[in-house]
Amino acid sequence: MASLSSQPSKKAMRSPAGSSNSQSNRGSSGQTVKFARRTSSGRYVNLSREDLDLSGEMSGDYMNYTVHIPPTPDNQPMDSSVAVKAEEQYVSNSLFTGGFNSVTRAHLMDKVIDSEVTHPQMAGAKGSSCSMPSCDGKAMKDERGQDVVPCECRFKICRDCFLDAQKETGLCPGCKEPYKTEFDDDRDYPSRALPLPAPGKEDANNMTMMKRNQNGEFDHNRWLFETKGTYGYGNAFWPQDDMYGDDGDEGFHGGMMENTDKPWKPLSRKTPIPAGIISPYRLLIVVRLVVLVFFLNWRVNHPNEEAIWLWLMSIVCEIWFAFSWILDQIPKLTPVNRSTDLEVLHDKFDMPSPSNPTGRSDLPGVDLFVSTADPEKEPPLVTANTILSILAVDYPVEKLACYISDDGGALLTFEAMAEAASFADLWVPFCRKHNIEPRNPDSYFALKIDPTKNKSRPDFVKDRRRIKREYDEFKVRINGLPDSIRRRSDAFNAREEMKMLKHMRESGADPMEPLKVQKATWMADGTHWPGTWAVSSREHAKGDHAGILQVMLKPPSCDPLLGGTDDNILDFTDVDIRLPMFVYMSREKRQGYDHNKKAGAMNALVRASAILSNGPFILNLDCDHYIYNCKAIREGMCFMMDRGGENLCYIQFPQRFEGIDPSDRYANHNTVFFDGNMRALDGVQGPVYVGTGCMFRRFALYGFDPPQPDKITQGNGSETQALEAKELDPELDVNLLPKRFGNSTMLADSILVAEFQGRPLADHPAVKFGRPPGALRVPREPLDATTVAEAVSVISCW
């Protein structure tokens, strides 16, 4: 159950001139053949028959259908750009610090935690060393953790040496040959068709020539048998009946349909309480109201003359309590239940179609916020379990981004989150493989039920036993972090004292003079922690430290990354092993600023996430509030993406509690509030925000009113273009945006993007303010150092 809150409309909003172009890949009625070639990013580029330069004799043999060419040996995807991969690796391996009137620095970290890191998305992951002399850097890696070599000589090189070689000579340090750029894969594909060789002009080294049968044709069966290949999802998408004007039974029947051609279904429904349940309750309210009126009438007409002041005070209190009771009972007259249809959501946003053969999700992005302040009062193990439940939710991985705000700036929290990100390499694929619920490991292993119930895989018991051992070791590492950090810091501080003492002896200083060495807190790579130290000092205290931002898990690729038997200690074959983006953040704190509240931490998270991921929806959680239902985010999207969802400001999820006695003698479940009062308020206008477990619309958090569809110029159908800055608020001056949101142009530009991406699909005439289908299938831009530095800047004290 999720309760909804509507955003009241106060001001009219105008629409920009023009209309958005409808993104439709449907073929025309002419005699055309469309071929689709899969690129490295998973995108399918359509090729027409005219682009193939075929002869007239062969053209008559082609039919009217769309062909999906699989990645056969002669159609292998190209590698992504080495420069982009190098920049992503540099961002994920760097700790960014900065603040007001200070330089933003990126500290490259080869080691984040003392334990071994295995996942390639995480900072400090294991890898080969750079082959350049006198360089101790790590070689560049791809999504699977394999070395990226930009030259055919297989010379391994790190990101900095690669950039230096390109700037200086452009030659590979290994073979002294120029770097080739054929491996670069542009993410913005041109509209023109890719050139294909004409028949009879194949390369002799092409794999197609090696797998031909006696007739000279490509032997698909031989290739599938020898290479264990697969053609994936189908080979041809047949058009619908009478698409090309065929009469009678000559047309093509069956096949896949576009999402816009399917009958429209609502994503959510409002179901009233059955009359057999609500009618007796309403009758009871009326009876109580009548008795209350008679009681107050008797109290007013029979005053106590001997204590008139006490009687007057009691009458006022009783009337006030009666009025409060009436206000509490009125909403309970019309409570509502809400239900969602996840199958319709999947069909509308995730189902493969002729225009989306791979089934890339069209759902909007979601940023999840977790806030913590003190690792002594909020145990890091509890926070780590919350993070693991978030990383394992059932939602498109590339659409998720998890942020944790550490207001204490403690190294203990930082390394605990790094340990959680490392353990997620096993826990998240394990949950996906066996459909684990709940996905908080501590709660899952504490369940008093049969773990093999509804589990069909034969290796579940073995995998669960191994994961249980790994989780026990993970808890030992988390609980041992305070002692590990203390011993490490004492060792490094002792080394610094020895260096200082040696320097004093060499310089001839008085050996009896006390040593002035700061008792710093040291990270695993042997450098100072930029946040709060165990022994507070200037710029390293709880209320005085620089802003810190670490991308612990870089954004994943847009296409699934299937595991294998050799990748981990478990068999993750045919299981997506990608992890969502995970960012650690500690906002800048300086003396003289009152920034020790949770609201300020949320504001910093909103600003930093707008630069890094800019998800149009935000779900905030406390550090001890994990996600019990892995499909909760999808259920929230059923409300936000449904008809009229653009007017919803937030969705409040109910809270459930653990560790309570079965009888609940002290009402710790808070059932009356969440299951009674919240449903009642939902029937009036919307529930109240309880501080956690709430999904917000980012555009609403910026203080803007919902759109007014009746006063906006429509585009094609119900689609409208993205708004301009002056149209967000008629009374808002564009030149005053920096005064309202700061001087960051990237933050100001992200507002319009978040507003557009948060709209529901324009797939129904009743949707007055929607976006075209397929607009959110474009891969996310990779992070670079400039973007992360801007995120550090927007959370500084300014």
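Modeller: Let's start with a term: a salt bridge is a side-chain nitrogen of Lys or Arg within 4 Å of a carboxyl oxygen of Asp or Glu. Keep in mind that this is a predicted model.

Biologist: What makes Arg590 and Asp544 a salt bridge?

Modeller: Their side chains come to 2.9 Å, N to O, and the cut-off is within 4 Å, so the pair qualifies. The two belong to distant parts of the chain, 46 residues apart: Arg590 is in the loop between strand 15 and helix 14, and Asp544 is in strand 13 (residues 544–545).

Biologist: Is that pair buried or exposed, and how do you know?

Modeller: Buried means under 20% relative accessible area. Arg590 has 19% and Asp544 has 9%, so both count as buried.

Biologist: And what makes Arg486 and Asp483 a salt bridge?

Modeller: That one is 3.6 Å, N to O, and the limit is 4 Å, so it passes too. Arg486 and Asp483 are three residues apart in helix 13 (residues 481–507), which means about one helical turn separates them.

Biologist: Why is Lys377 called exposed?

Modeller: Its relative accessibility is 71%, and the threshold is over 50%, so Lys377 counts as exposed. Lys377 lies in the loop between strand 10 (366–372) and helix 9 (380–391). An unreviewed UniProt entry lists Lys377 under "binding site", along with Ser371, Glu378, Asp407 and Lys597.

Biologist: Which residues does Lys597 touch?

Modeller: Asp407 and Arg587, leaving out residues up to four places away in sequence. Lys597 itself is in the loop between strand 15 (581–586) and helix 14 (598–612).

Biologist: How do you know that the length of helix 19 agrees with what a helix should span?

Modeller: Helix 19 (residues 745–757) has 13 residues, so at 1.5 Å a residue it should span 18 Å; its end C-alpha atoms are 19 Å apart, which agrees. Its buried residues, including Leu747 and Phe756, pack against helix 14, helix 17 (698–701) and helix 18 (737–741).

Key
Residues numbered from 1 in each chain as written. Predicted model: local features only at pLDDT ≥ 70, side-chain atom pairs only at ≥ 80, totals over all residues. Heavy atoms only, no water. UniProt positions renumbered as here; feature names shortened; annotations may be inferred. Helix = DSSP H or I, 4+ residues; strand = E, 2+ residues; numbered from the N terminus. Buried < 20%, exposed > 50% of the residue type's maximum accessible area, 1.4 Å probe, protein only. Contact = heavy atoms within 4.5 Å. Expected span 1.5 Å × (residues − 1).
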